[in-house]
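Subject: Structure handover and notes on side-chain pairing

Dear colleague,

I am passing on the structure we spoke about, together with some notes on its side chains. Please keep it open beside this message as you read.

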Amino acid sequence: MKMKTVWLDELTMPEAEDAAMKGRIVILPVGSVEEHGRHLPLCTDCLQPENIAVEVARRAGCLVAPALRYGVCTETRHFPGTISVSFNSLHGLVCDVLDELVRQGFRRLIVLSGHAGSLHMAALRLAARDVLDKYSEESKKHSLRIIVLSDYDFAYELRGRQFDERDGHGGEIETSRILAIRPDLVKGRTEKNFSEMPKFEIVANPEDYWPDGIKGDPSKASAEKGKTANKYIIDKMLVLVKELRK
């Protein structure tokens, strides 16, 4: 049965059953509704993993589950537009989705997040761990495998090579990637900022260190740089997919 779409929810019931039986890998994109300076859209962390997931799925025959577009945004929640959900809410929802995918017969899963906050990623990893523990007998037999990562685990490998090593949230890399994906949503540039928060301290008001909600220099961004970064991430993801199939 030949699939004409990579989106899991666009399949018919027989197609979904067939995909599970054939061991198709499912990628679950997770993002956030979060400020990214004065120039990038609130859906920046959604556009990036969804784009990567679709491109990887097209090349490697994977499926893409409907994206989750909310995340834990503790350090940016005081900026206009940011909608942060609780750790328990994100953990519970991702746990339910992964559990249901396994119940339906899918055994190779990737959770790909565009938002890389520490608590956010911890919620995703704990959800995956809880599902693996629930199906511990299958996990022991290596029939169930789950990968959890952010696309910035790969994107930030480019810092110090093609981008400033200090680049971060809403900076050159992120602006470049959105220029390559949805240039119509980029509104000028936010002024550069390279402020550092105190190491190890839980800061009450992180926005004091990020006056415009970014870290980096968006003025150096370009669509061409974004295409290069996105291709790098896609290539890295394809290696992960290949490994997951073993």
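Leaving aside its neighbours within four places in sequence, which residues is Asn193 in contact with? Before the answer, please bear in mind that this is a predicted model. With those neighbours within four places set aside, the contacts of Asn193 are Tyr209, Trp210, Pro211, Ile214, Lys215 and Gly216.

**Asn193 and its surroundings**

Asn193 sits in the loop that runs between helix H7 (172-181) and helix H8 (223-244), and with a relative accessible area of 12% it is buried. Its side chain makes a polar contact of 2.8 Å with the side chain of Ser195, while a polar atom of the Asn193 side chain also lies 2.9 Å from the backbone oxygen of Ile214. Ile234, by contrast, is 41 residues from Asn193 in sequence, and the two C-alpha atoms are 28 Å apart in space.

**Salt bridges**

The count of salt bridges in the model comes to 17, and I describe some of them here. Arg69 forms a salt bridge with Glu50, in which the closest N and O atoms are 2.9 Å apart. Because Arg69 lies in the loop between strand S2 (63-64) and helix H3 (87-103) while Glu50 belongs to helix H2 (residues 44-60), the pair ties together parts that are 19 residues apart in sequence. Arg69 is partly exposed, at 34% relative accessibility, whereas Glu50, at 15%, counts as buried.

Glu100 counts as partly exposed at 38% relative accessibility, and Arg103 as exposed at 52%.

The side chains of Arg182 and Asp184 also meet in a salt bridge, at 2.7 Å from N to O. Both partners are partly exposed, Arg182 with a relative accessible area of 32% and Asp184 with 46%. Elsewhere, salt bridges that share partners join Glu55, Arg58 and Arg59 into one network.

Arg24 lies in the loop between helix H1 (13-21) and strand S1 (26-30), and a polar atom of its side chain is 2.6 Å from the backbone oxygen of Gly61.

**Cysteines**

The count of disulfides is 0. Cys43 is in no disulfide, and the nearest cysteine sulfur, which belongs to Cys46, is 6.1 Å away, so these two sulfur atoms are not within the 2.5 Å that a disulfide requires. Cys43 counts as buried at 18% relative accessibility, and Cys95 likewise counts as buried, at 16%.

Terms used: Residues numbered from 1 in each chain as written. Predicted model: local features only at pLDDT ≥ 70, side-chain atom pairs only at ≥ 80, totals over all residues. Heavy atoms only, no water. Salt bridge = Lys/Arg side-chain N within 4 Å of Asp/Glu carboxyl O. Helix = DSSP H or I, 4+ residues; strand = E, 2+ residues; numbered from the N terminus. Buried < 20%, exposed > 50% of the residue type's maximum accessible area, 1.4 Å probe, protein only. Contact = heavy atoms within 4.5 Å. Polar contact = N/O pair within 3.5 Å; in protein donor to acceptor, adjacent residues only side chain to side chain.
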